[in-house]
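Reader: I have not looked at this one before. Can you walk me through it?
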Amino acid sequence: MAEDREILREIWEGRLPVCFTLATEEVSTPIAPDPFYLMVPRLTYFPLVTDKVRRHFVRCVVPEKHDNEMWLEFEKCPLKWHYPIGLLYDLLVTNSELPWQLTVHFDKYPDNKLLKCPSKDVVESHLMHSLKEADALKHKNHIMALMQERDHKQLWLGLLHDRFDQFWSANRKLMEHSAEDGFRYIPFRLYAPQFTSKPFMQYLVKSIENEKRLTLEDLLQRANLNFESKGPFQVVIHGIDLPLETPLQWISEHLSYPDNFLHLCIRYSSP
């Protein structure tokens, strides 16, 4: 991997300030609890960073709801816990207003919209499944299969405890490739709600084809959608507006989320 460690670390250290507020209708105490503020890593998942949020608010809901699964909402939209935090923000927040204002719920879990997440073990299982899927695209699943259990644990614990060196000492193995061939296919998901009712688009795109290094523009062209039809747009990941001429191999090596996927959002300027 042509590794640029400083870029990897900058992406890892990306943070978002979040303001959590308990849903008004769920407050059972005479005085509503104060909002809870937290700086959260963009790369992680909400269930891994909201233990303190739960403890802060659970004392203010009726006792029979204390053991309920907590869930979050932004402007009436339940937040999918299995999406990385940075992806949720890039996908849902159009005005870049900070801190991000989220509503906390302990009642009426929206089972029809959200997967259940009773413990952090579920997040670990989700991460491992995604890593295996990404590795199947990049290396026919050879790397994950050859890794030992301690490598898998290192990936998980590095993310869980926000330890860059611990995570990347194992993850670099998943980023290895021959300079001539690059990855077999680029693991990515393209989020364009203006064009499709599906949660995201996903299709096979190589990093190098006929000795040509494919770019982000090539990836978009293969979606067979006229993105320009709705006006000027950006392709955003980690809050970064990516130039269309950026090589896919470089993007995949340096800007993938810990699940080894590129989560790319099509964003349009507000009228």
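Author: What follows goes through the annotated domains, a sheet, some aromatic rings, a helix and one arginine. Keep in mind that this is a predicted model.

Reader: Start with the record. Where does UniProt place the UblA domain?
Author: The unreviewed UniProt entry puts "domain: Autophagy protein ATG5 UblA" at residues 11-106. In the model, that span is 19% helix and 27% strand. Its end C-alpha atoms are 32 Å apart.

Reader: And the alpha-helical bundle region, where is that?
Author: UniProt, again in an unreviewed entry, gives residues 121-176 for "domain: Autophagy protein ATG5 alpha-helical bundle region". The chain there is 84% helix and 0% strand, and the end C-alpha atoms are 28 Å apart.

Reader: What about UblB, which residues?
Author: Residues 185-266 are listed by UniProt for "domain: Autophagy protein ATG5 UblB", also from an unreviewed entry. That span is 17% helix and 24% strand, with its end C-alpha atoms 21 Å apart.

Reader: Let's do strands. What is the order in the five-stranded sheet?
Author: The order is β2-β1-β5-β3-β4; the sheet is open and its pairing is mixed.

Reader: Which strands stand at the edges?
Author: β2 (36-41) and β4 (77-78) do. Each has a single partner strand, so one side of each has no neighbour in the sheet.

Reader: How do the neighbours of β1 run, parallel or antiparallel?
Author: One of each. β1 (residues 15-22) pairs with β5 (residues 100-105) in the parallel sense, over five bridges. β1 and β2 run antiparallel and are joined by six bridges.

Reader: Give me a residue. What does Phe 20 pair with in β2 and in β5?
Author: In β2 the bridge partner of Phe 20 is Phe 36, and in β5 the partner is Leu 102. Cys 19 has a bridge partner in β5 too, namely Gln 101.

Reader: On to aromatics. How many aromatic pairs are there?
Author: The count comes to 13 aromatic pairs. In one of them, the ring centres of Phe 46 and Trp 100 are 6.0 Å apart and the planes are at 45 degrees, so the pair is tilted.

Reader: Where do those two lie?
Author: Phe 46 is in the loop between β2 and α2 (51-58), while Trp 100 is in strand β5. The pair therefore ties together parts 54 residues apart in sequence.

Reader: Is Phe 46 buried or exposed?
Author: Phe 46 counts as buried, at 4% relative accessibility. Trp 100 is buried as well, with a relative accessible area of 1%.

Reader: How does Tyr 89 sit against Trp 100?
Author: Their ring centres are 5.3 Å apart and their planes are at 80 degrees, so this pair is edge-to-face. Tyr 89 is in helix α3 (residues 85-92) and Trp 100 in strand β5, 11 residues apart. Tyr 89 is buried, and so is Trp 100.

Reader: Which residues form the aromatic cluster with them?
Author: The cluster consists of Phe 20, Phe 46, Phe 74, Tyr 89 and Trp 100.

Reader: What do its buried residues pack against?
Author: They pack against α5 (142-146), α6 (149-160) and α7 (164-174). The buried residues of α4 include Val 123, Leu 127, Leu 131 and Ala 134.

Reader: Why would residues three or four places apart point the same way?
Author: An α-helix has 3.6 residues a turn, so residues at that spacing point the same way.

Reader: What follows α4?
Author: Lys 140, whose phi is positive, near 60 degrees.

Reader: Last one, Arg 189. Where is it?
Author: Arg 189 is in strand β6 (residues 188-191). Arg 189 is buried, with a relative accessible area of 11%.

Reader: What does its charged end sit over?
Author: The ring of Phe 261, 4.2 Å from the ring's centre. Arg 189 also touches other residues, among them Glu 133, Phe 200 and His 263.

Reader: And what does Lys 230 lie over?
Author: Lys 230 lies over the face of Phe 195, at 5.3 Å from the ring centre.

Key. Residues numbered from 1 in each chain as written. Predicted model: local features only at pLDDT ≥ 70, side-chain atom pairs only at ≥ 80, totals over all residues. Heavy atoms only, no water. UniProt positions renumbered as here; feature names shortened; annotations may be inferred. Helix = DSSP H or I, 4+ residues; strand = E, 2+ residues; numbered from the N terminus. Buried < 20%, exposed > 50% of the residue type's maximum accessible area, 1.4 Å probe, protein only. Contact = heavy atoms within 4.5 Å. Pairing = 2+ DSSP bridges. Phe/Tyr/Trp six-rings, centres within 6.5 Å; stacked < 30°, edge-to-face > 60°. Lys NZ or Arg CZ within 6 Å of the ring centre and 35° of its normal.
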